Amino acid sequence: MSRFIPFDRSQPYLLPPDLKSWLPADDVAHFIVAAVERVPLGAFSVPRRTGGKAQYHPRLMLGLLIYAYANGVFSSRRIERATHRDIGMRFVAANLHPDHDTIATFRRGNRAAIEAAFLHVLELAREMGLVRLGTVSIDGTKIDANASKYRSIRYDRAKELREMLATDIAGLMERAEAADATDTDNQALPDELARRETLKAKLDEACARLEAEARERAEAARPEYERKKAAFDAKQGRCGRPPKEPDDEPPPDRQINLTDPDSKLMRRSDAHEYRQAYNAQAVVCAEGSQLILEHRVVATTADAPSFADTILGMEERIGLPRTVLADTGFASRKAVEALQARGVDPLVAIGRPVDRRPYDFRPEPPPKEPRRITEPWRLKMKARLQQDPEKALYALRKQTVEPVFGIIKSAMGFTRFHLRGLANAATEWTLVALAYNCRRIARLTAA
């Protein structure tokens with residue numbers, strides 16, 4: 001008797017196989033298929049056709065994208081290939097095989113449907129008793145953009161290159177006219193001219209964008225300047241330095257990326273290198289489920305400017321939490337006051353903790369004078385976090401929101417955006433958060 005199970009790859013099926021029976025009962029594919037059925041068809045952007053081949057159903061396309069992201073497949077070409085190779089993909093795609101161009105077009109043009117699916121999954125989790133809005137944690141992580149940092153250029157250098165390219169293009173045009181006059185067929189010259197014209201057009205667009213941003217900042221700062229100038233003019237004797245008028249010209253060191261102008265050079269801390277990235281933020285339930293309740297992508301290194309807007313944006317979607325836990329990067333007086341005015345209690349760390357392990361391998365750092373805190377709201381917040389129960393409650397922040405980013409980056413493998421532009425990056429981050437929530441809900445219900 002053989003010790004091995006016999007097999008025959010040429011054995012034909014007597015009946016068509018049911019792909020659903022090939023998947024484990026607790027596979028996330030079953031939950032995703034059920035969840036996308038709740039998304040109304042009106043949320044999808046479906047192009048109208050008068051003839052030709054029928055389109056793929058939008059719910060099928062959305063389910064395929066969510067399942068792909070939940071399993072670490074992000075490229076549209078890899079998703080198309082997986083519909084042939086992966087049993088779960090074949091089941092979600094109903095044994096159909098959308099091409100990569102169709103998948104990419106659907107992903108770019110259906111942000112509303114992806115947002116609607118995110119909300120419907122949260123509502124489903126609430127019906128299952130998994131979502132509680134008592135305490136939430138918020139944090140941000142830097143995720144690489146689909147652009148190289150070496151394609152970033154300063155405003156002053158861009159102006160210099162524009163002048164150089166204008167001179168070179170004029171010289172090449174003269175050479176091209178001379179070649180036409182002598183009937184010389186020089187194929188390299190038009191290509192060389194086209195490359196320079198393309199680069200100059202990109203630099204022109206980048207400079208125009210920086211100048212428009214500078215004008216917007218100047219207009220936004222002008223009311224505050226007028227108020228300070230009026231107060232300065234009203235002083236007796238005009239002691240001190242007058243306020244500086246906002247400048248509508250970009251500073252020379254202002255940078256912009258030619259591949260993805262919305263992305264910015266960022267780094268996690270002083271010990272890390274600069275990356276061309278976006279700041280992806282998430283609000284996570286801190287009462288057991290660790291589901292992402294709200295998300296946002298910003299093009300600023302700092303977390304504080306978007307703190308209040310991110311939390312208050314939950315009111316119309318799923319409701320406001322009672323308490324918000326945030327690290328020192330979210331410390332902002334305006335944000336704290338705005339949240340408190342709406343009945344939300346923010347617990348924000350003031351200063352970075354320097355607690356060391358009793359047997360730390362690193363040598364003892366040199367003594368450093370602690371930062372002097374004078375603002376009343378900071379002193380009050382720091383005193384609160386040194387007492388129970390706020391101290392014990394704040395300890396939940398690190399063990400709730402930071403593991404979520406670890407799962408997204410390590411388990412799901414999402415370490416960079418594949419779409420360019422802030423709006424497209426926000427769509428992709430919604431898709432990532434939706435895929436994470438589906439994985440998490442499937443795990444919680446199977447436990």
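Two residues are in contact when heavy atoms of theirs lie within 4.5 Å. Among contacts in the chain between residues at least 6 apart in sequence, 71% join residues at least 24 apart. Please bear in mind throughout that this is a predicted model.

**The whole chain**

Begin with the entire chain in a cartoon view. The chain contains 15 helices and eight strands. Its C-alpha atoms fill a box of roughly 105 × 90 × 55 Å, taken along the principal axes. Switch to a surface view: the chain exposes about 26500 Å², and carbon and sulfur atoms supply 51% of that area. Of the 447 residues in the chain, 40% are buried.

Asp-101 belongs to helix H6, residues 100-109.

**The nonpolar cores**

In soluble globular proteins, nonpolar side chains tend to be buried together. Which residues touch the most other members of the largest nonpolar core? Select Leu-293, Phe-307 and Trp-429, which hold that position in a core of 99 residues. Next, select residues 422-446: this is helix H15, which gives the most to this core, with twelve residues.

Now centre the view on Phe-307. Not counting residues up to four places away in sequence, Phe-307 touches Ile-138, Val-324, Ala-326, Phe-330, Ala-335, Leu-339, Pro-346 and Val-348. A second, separate core has ten residues, among them Ala-206, Cys-207, Leu-210 and Leu-258.

**A buried aspartate**

Select Asp-303, in the loop between strand S6 (292-298) and helix H10 (307-312). Which side chain of opposite charge is nearest to Asp-303? It is Lys-142, at 5.0 Å. A salt bridge requires a side-chain nitrogen of Lys or Arg within 4 Å of a carboxyl oxygen of Asp or Glu, and Asp-303, although buried, has none.

Display the side chains around Asp-303 to find its polar contacts. One, of 2.7 Å, is with the side chain of Asn-279. Another, of 3.3 Å, joins the side chains of Asp-303 and Gln-281. When neighbours within four places in sequence are left aside, the contacts of Asp-303 are Gly-140, Asn-279, Gln-281, Gly-329 and Phe-330.

Move to Thr-135, in strand S1, which spans residues 135-144. Is Thr-135 buried or exposed? Thr-135 counts as buried because its relative accessibility is 4%. Beyond its neighbours within four places in sequence, Thr-135 is in contact with Cys-285, Ala-286, Glu-287, Arg-322, Thr-323, Leu-325 and Leu-393.

**Salt bridges**

How many salt bridges are counted? The count comes to 24. Select Glu-213 and Arg-209 to view one of them, in which the closest N and O atoms are 3.6 Å apart. Both residues lie in helix H9 (residues 188-233), four residues apart, which is about one turn of the helix. Glu-213 is partly exposed, with a relative accessible area of 23%, and Arg-209 is also partly exposed, at 31%.

Next, select Arg-275 and Glu-273, whose salt bridge has its closest N and O atoms 2.9 Å apart.

**Backbone features**

Most residues other than glycine have a negative phi, and most peptide bonds are trans. The final stops concern the backbone. Select Asp-388 and Pro-389, which are joined by a cis peptide bond with omega of about 5°. Pro-389 is in the loop between helix H12 (376-385) and helix H13 (390-394).

Then select Ala-94, whose phi is near 55°, a positive value in a residue other than glycine. Ala-94 is in the loop between helix H5 (87-92) and H6, and is partly exposed, with a relative accessible area of 49%. Finish at Gln-290, where phi is also positive, near 60°. This residue lies in the loop between strand S5 (275-285) and S6. Gln-290 is buried, with a relative accessible area of 16%.

Note on methods. Residues numbered from 1 in each chain as written. Predicted model: local features only at pLDDT ≥ 70, side-chain atom pairs only at ≥ 80, totals over all residues. Heavy atoms only, no water. Helix = DSSP H or I, 4+ residues; strand = E, 2+ residues; numbered from the N terminus. Buried < 20%, exposed > 50% of the residue type's maximum accessible area, 1.4 Å probe, protein only. Lys, Arg positive; Asp, Glu negative; His and termini not counted. Polar contact = N/O pair within 3.5 Å; in protein donor to acceptor, adjacent residues only side chain to side chain. Core = buried A, V, L, I, M, F, W, Y, C linked by side-chain atoms within 4.5 Å. Areas by Shrake-Rupley, 256 points an atom, 1.4 Å probe, with all protein chains shown as cover.
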